[in-house]
Amino acid sequence: MKLHWSPKSPFVRKVMVAAHETGLVDKIALVRSPVAMTSLNPAVMAVNPLNKLPTLILDDGSAVYDSLVICLYFDSLHQGPRLVPAGEAGLRTLVRHALGNGFLDLLILWRNERDRPAERRSPPHLDGFAAKCEATLAVLEAEVGEWEKAPFDLSHITLGCALGYLDFRFEQMGWRDGRPALAAFFERFSARPSAQATAPTDG
Ligand SMILES: N[C@@H](CCC(=O)N[C@@H](CS)C(=O)NCC(=O)O)C(=O)O
């Protein structure tokens, strides 16, 4: 299989961490595919009209997206611990995943707004993003201890990638301040070989 890939994208990182954790990484050929909301990549558009990374191309040429669906597909290919467990535990994983993934969606939108020329930035949008980020981090700080009682799964991967994205693109935020449980979670996540192999870069 081939993966439309970028070292900058936290959603790509999520599926790459998942690929390492499930032992599938050697089966994936990476295709460096620059995309942006304002820059369409014809090779990506040909298989995913949303122009989004990650997009996985199977050997029969069919496309699999988005990152959650790719991770569910990986789960169908390996025999190890599930990224999304069956039953009630899986529902909890998916709800936690939704929070982590929604957090990432928010951060991407916030960065896009923040990096527009000053005269075109929307202060109400920037304020909304900042408030949602603060509220999300407060919930995560309160809940991450409960999350960590469950075996490592897709929700932990997604949260780790979101916190890694804060370090990558929001380095002035100081998100660890007053959030010791989240900081400790991120330390443990960052020590995993799958996280170390996928650290984001601008390269
Ligand atoms: N919900 C998608 C989000 C993917 C996403 O937003 N990817 C960004 C890169 S980090 C992208 O491809 N942006 C290009 C665009 O929106 O045109 C997923 O989970 O895969």
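Predicted model: local features only at pLDDT ≥ 70, side-chain atom pairs only at ≥ 80, totals over all residues.

Me: Which residues of α3 are buried?

Reply: α3 runs over residues 67–75. Its buried residues are S67, I70, C71, F74 and D75.

Me: How wide an arc do they cover around the axis?

Reply: An arc of only 145°, so they sit on the same side of α3.

Me: Why does that spacing put residues on one side?

Reply: An α-helix has 3.6 residues a turn, so residues three or four places apart point the same way.

Me: OK, cysteines. How many disulfides does the structure hold?

Reply: There are 0 disulfides.

Me: Is C71 buried or exposed? And C161, buried or exposed?

Reply: C71 is buried, at a relative accessible area of 0%. C161 is buried too, at 1%.

Me: Switching to the ligand. Which residues come nearest?

Reply: There are 15 residues around the ligand, and N51, K52, L53, D66 and S67 come nearest. S67 is also one of the buried residues of α3.

Me: What polar side-chain distances do D66 and S67 have to the ligand?

Reply: For S67, a polar side-chain atom is 2.6 Å from a ligand oxygen atom. For D66, a polar side-chain atom is 3.2 Å from a ligand nitrogen atom.

Me: And what does L53 use?

Reply: Its backbone. An N or O atom there lies 2.8 Å from an oxygen atom of the ligand.

Me: How much of the ligand's accessible area does the protein cover?

Reply: 87% of the 510 Å² that the ligand has on its own.

Me: Last one. Where is I57 found, and is it buried or exposed?

Reply: I57 is in strand β3. It is buried, with a relative accessible area of 9%.

Me: What does I57 touch?

Reply: Leaving out residues up to four places away in sequence, I57 contacts M1, K2, H4, V47, S62 and A63.

Me: How far is G145 from I57?

Reply: Their C-alpha atoms are 36 Å apart, and 88 residues separate them along the chain.

Terms used
Residues numbered from 1 in each chain as written. Heavy atoms only, no water. Buried < 20%, exposed > 50% of the residue type's maximum accessible area, 1.4 Å probe, protein only. Helix = DSSP H or I, 4+ residues; strand = E, 2+ residues; numbered from the N terminus. Arc of directions from axis to C-beta. Disulfide = S-S within 2.5 Å. Near = heavy atom within 4 Å. Polar contact = N/O pair within 3.5 Å; in protein donor to acceptor, adjacent residues only side chain to side chain. Areas by Shrake-Rupley, 256 points an atom, 1.4 Å probe, with all protein chains shown as cover. Contact = heavy atoms within 4.5 Å.
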